[in-house]
There are 2 protein chains.
Amino acid sequence: MKIAANDPNRKSWLNGNTECDFPIQNIPFGVFITKDDIITIGTRIGEYAIDLGAFHQLGYFKDIALTDDIFMQDSLNDFIADGRKTWRLVRNRIAEVFDEKNSILRDNAEHRDVIIFDVNEVEMLLPIDVGDFTGFFSSKHHANNISNIFNFKNTEIESNWLHMPLAFNQRSSTVIVSGTNIKRPLGQTISDGKTTPIFGASKKIDLELETAFITTAANHFGEPIPVNEAEEYIFGMVLMNDWSARDFQKWETKPLSPAASKSFATTISPWIVTLDALEPYRCENPNHEIQNIQLLPYLKQTSDKNAFDIKLQTFIETENGDLNNLSESNFKDIYWSMSQQLAHLTINGCSVRAGDLMSSGTLSGPTKDSYGSLLEITKDGEEPITLKDGTKRSFVNDSDNVIIRGYCENEQGRIGFGKCTGKILPAIEF
Amino acid sequence: MKIAANDPNRKSWLNGNTECDFPIQNIPFGVFITKDDIITIGTRIGEYAIDLGAFHQLGYFKDIALTDDIFMQDSLNDFIADGRKTWRLVRNRIAEVFDEKNSILRDNAEHRDVIIFDVNEVEMLLPIDVGDFTGFFSSKHHANNISNIFNFKNTEIESNWLHMPLAFNQRSSTVIVSGTNIKRPLGQTISDGKTTPIFGASKKIDLELETAFITTAANHFGEPIPVNEAEEYIFGMVLMNDWSARDFQKWETKPLSPAASKSFATTISPWIVTLDALEPYRCENPNHEIQNIQLLPYLKQTSDKNAFDIKLQTFIETENGDLNNLSESNFKDIYWSMSQQLAHLTINGCSVRAGDLMSSGTLSGPTKDSYGSLLEITKDGEEPITLKDGTKRSFVNDSDNVIIRGYCENEQGRIGFGKCTGKILPAIEF
């Protein structure tokens, strides 16, 4: 289907810069607070943040059935619950009003003053009140790497991995927005050959390059979502850094799953890029054919274009401002599609709500320069990397700012996610 | 400290029956809907449900600082967020008004009509909007049994188990209130010796006898809760049946943790019994001494009375009405206290919010008649049990109603949790 807001030829009167992540074809959604302490839902075009609360109050959505306060909220949950039809109408209307040919807001200085802000003058907040946060484990390269490094006796991927998108649940209470600093966590570590743990700050703080999708209310208790309908319930995507303390993880993981090693923080990017905006970058799932050999029917998709071409990059920014590129990867290499993840999650009747967050798992490519974690890049510290300033890293140091970027680019143009950043601060005394 | 509402000598004009789970010394909190479709927070005395929204509106809490609509809510989260001091004042005031010596409400027929309902005439709803649901794994007997039955190559408890209260996170979207029917879930199962799974309804639906506690907002992001302060943040407890599909579990668990095998449903009892009400039943943690040998300081409690003497029972009620007692256990046998669980969960800075739910894990005792799951009682189906009607059970059949009961009883009297029930219905066609 054709989505009006995605028109690649549209230009906006607001910002002519088409090189950035937020041209008028993107129209993502986020929550911000202005200098005057107004919290609102907004969108972004170029270097401008648009207050959708004010935009709606001033009548610019007047033909769309929306409650009065739908954008005057501190989370997108209620808007997300309105469903895909509403999201489309809203994006299309925003595109129309900011189109260079449309003068209605462009020529109204009074309205512009209360609707449009310099993006550097607002503070981005967590865009959703996270319901459940379920973490998938869907990159085969990552699963292989982890099995080799971490799986103790077993160097092979578990046989169940190829038959279903394995997942575990994570704490939503510590999902934080990009830019929030993180104190190095305290916890238990086991030294090699020892059976008694020691207490202290983690010495192996790692990033995990991930994406995540956010759902609307998808199903009732007890009702599975068919795999070919699942995308209807996906609002959009964000970048995610699922911070991990690898030393804690090694000691705690068996017989359950990572818990304290991940629950100290998970960072997401502030602007949710809608699945609609990503439509021009839809591509084949490169695993479609191998999957089909063995898939149970509830995971079989009729289309083989179930992936999205999203280029991903990780960096460490050191205190001197150097930007050190760690790796480059792509979301399209994921083995299990988001639809398969959602179909599997709900096949047992598990309900999914507006504001639930589902992450991809670390998105590693086939080679070292495409690995999504330092655990993989440095082989658990055995092969440290050297940064521009000459210092070495096995894992993340205090004061390192970890940056994830993601964008889509093809002949239709470019849209992106902006940045997902987080800096590690020294541990507290306890 | 002495809690006025717990006075064992108090009698209520409302209900003289002291044999039931809800004497005036209990004063639990729940959410119900009346025949007139009014949703309210309430408490229970004997066979009566008390509408606390109406009670407050009519001025019976007039000396307590409460917002007007604090009880006119569909969840207890906001009241829980008010903190322990408020919970105590509210319980004390309810005890006072319903004391047999107090005529203020007793003699006001008009007020009684809008405040007091027959408990059978209201429908109990889920009492909280569950934030995160973290499942601990804190019964040593259960951990041992599971290792023997389930752990494939390894028949010993993992060495980390004795050093920290291991946990995994679970879906909060499918936490349901007692009395909600559950369709037998669909999913993947692996047959012995096979490497390719089959699809279908679970053949091994099991109960898990658990309790859970509910927290108030306890800490800020990055700040651990000291173990000796943790109880301040526990609002109360419920009974829980953490339903499990053992065939799904066996196939999916490695290398992560149970997910689809548990996320189809978790049932909790409707009345939250406050930690204050449980105070007279506080007792020694029987594991205190062995724990002390090896505990890291952040898990060491100054008191050794960190357990609560809560008697627990499980039953299968067959369609003919027979009540078959499966097992009897006690919460006090748990290895890790709730305070230790909360201290461990937050040591890495993980934040805890009002409405978060933390479960105990299956509460098995040392012998077969005290095991908290059919997996343990029947040794994964190898030793089926025979019910009163002569039928056998390895796991739960369709139409079986699984009932968990829990109560405290000593020289001070008895309080209880009522029932946590759920019936398994046939799987859907898919």
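Me: Which residue does Glu208(B) meet in a salt bridge?
Reply: Arg246(B). The N to O distance is 3.0 Å. Keep in mind that this is a predicted model.

Me: Where do those two sit in the chain?
Reply: Glu208(B) is in the loop between S12 and strand S13 (209-215) of chain B. Arg246(B) is in helix H6 of chain B. They are 38 residues apart, so the pair links distant parts of the chain.

Me: Is Glu208(B) buried or exposed?
Reply: Glu208(B) has 4% relative accessibility, so it counts as buried. Buried means under 20%.

Me: And Arg246(B), buried or exposed?
Reply: Buried, because its relative accessibility is 1%.

Me: What other salt bridge does Arg246(B) form?
Reply: Arg246(B) forms one with Asp206(B). The closest N and O atoms are 2.8 Å apart. This pair also links distant parts of the chain: Arg246(B) is in helix H6 of chain B, and Asp206(B) is in strand S12 (residues 205-206), 40 residues apart. Asp206(B) is buried, as is Arg246(B).

Me: What about chain A? Which residues there are joined into a network by salt bridges that share partners?
Reply: Asp206(A), Glu208(A), Asp242(A), Arg246(A) and Lys262(A). They form one network.

Me: How many salt bridges are there over all chains?
Reply: The search of the whole structure finds 54. One of them joins Glu231(A) to Arg282(A), with the closest N and O atoms 2.6 Å apart.

Me: Why does that pair tie together separate parts?
Reply: Look at where the two residues lie. Glu231(A) is in the loop between strand S13 (209-215) and strand S14 (234-241) of chain A. Arg282(A) is in strand S18 (residues 282-283) of chain A. The parts are 51 residues apart in sequence, so the pair ties them together.

Me: Are Glu231(A) and Arg282(A) buried or exposed?
Reply: Glu231(A) counts as buried, at 17% relative accessibility. Arg282(A) counts as buried too, at 19%.

Me: New topic: the interface. How many residues of chain B are in contact with chain A?
Reply: 62 residues of chain B are in contact with 62 residues of chain A. The area buried between the chains is about 5,500 Å². Carbon and sulfur atoms give 61% of that area.

Me: Which three residues of chain B supply more of its buried area than any other three?
Reply: Arg171(B), Phe221(B) and Leu256(B). They supply 15% of the area that chain B buries against chain A.

Me: How many salt bridges cross over?
Reply: The rule finds four across the interface of chain B and chain A. In one salt bridge, Arg171(B) meets Asp132(A), at 3.6 Å from N to O. The rule also finds 28 residue pairs in polar contact across the interface.

Me: Which element gives the largest share of the chain B side?
Reply: S7(B), with four residues. The side of chain B that touches chain A divides into 33 nonpolar, 21 polar and eight charged residues.

Me: OK, sheets. What order do the five strands take in the open sheet of chain B?
Reply: The order is S9-S26-S25-S20-S21, and the pairing is mixed. S9 and strand S21 (323-330) of chain B stand at the edges, each with a single partner strand, so one side of each has no neighbour in the sheet.

Me: How do S20(B) and S21(B) run?
Reply: They run antiparallel, joined by seven bridges. Thr314(B) stands opposite Ser327(B) in S21(B).

Me: And what joins S25(A) to S26(A)?
Reply: A hairpin joins them through two residues. Nine bridges join these antiparallel strands. Asn401(A) stands opposite Lys423(A) in S26(A).

Me: What about S9(A) and S26(A), parallel or antiparallel?
Reply: Parallel, over two bridges. Lys183(A) stands opposite Leu425(A) in S26(A).

Me: Last one: why is H9(B) largely enclosed?
Reply: Nine of its nine residues are buried, so the rest of the structure largely encloses H9(B). Among them are Met338(B), His344(B) and Thr346(B).

Note on methods. Residues are numbered from 1 along each chain as its sequence is written. Chains are lettered from A and ligands numbered from 1 in the order in which they are written. This is a predicted model: local features need pLDDT of at least 70, side-chain atom pairs count only at pLDDT 80 or more; totals for chains, interfaces and linings use all residues. Side-chain values use heavy atoms; hydrogens and water are left out. Contact means heavy atoms within 4.5 Å. Buried area is the accessible area (1.4 Å probe) that two parts lose on being put together, summed over both. A salt bridge is a side-chain nitrogen of Lys or Arg within 4 Å of a carboxyl oxygen of Asp or Glu. A polar contact is a pair of N or O atoms within 3.5 Å; within protein, one must be able to donate a hydrogen and the other to accept it, and residues adjacent in sequence count only if both atoms are side-chain atoms. Ala, Val, Leu, Ile, Met, Phe, Trp, Tyr, Cys and Pro count as nonpolar, Asp, Glu, Lys and Arg as charged, and the others, Gly among them, as polar. Buried means under 20% relative accessible area, exposed over 50%, partly exposed in between (1.4 Å probe, protein chains only). Two strands pair if DSSP finds at least two bridges between them.
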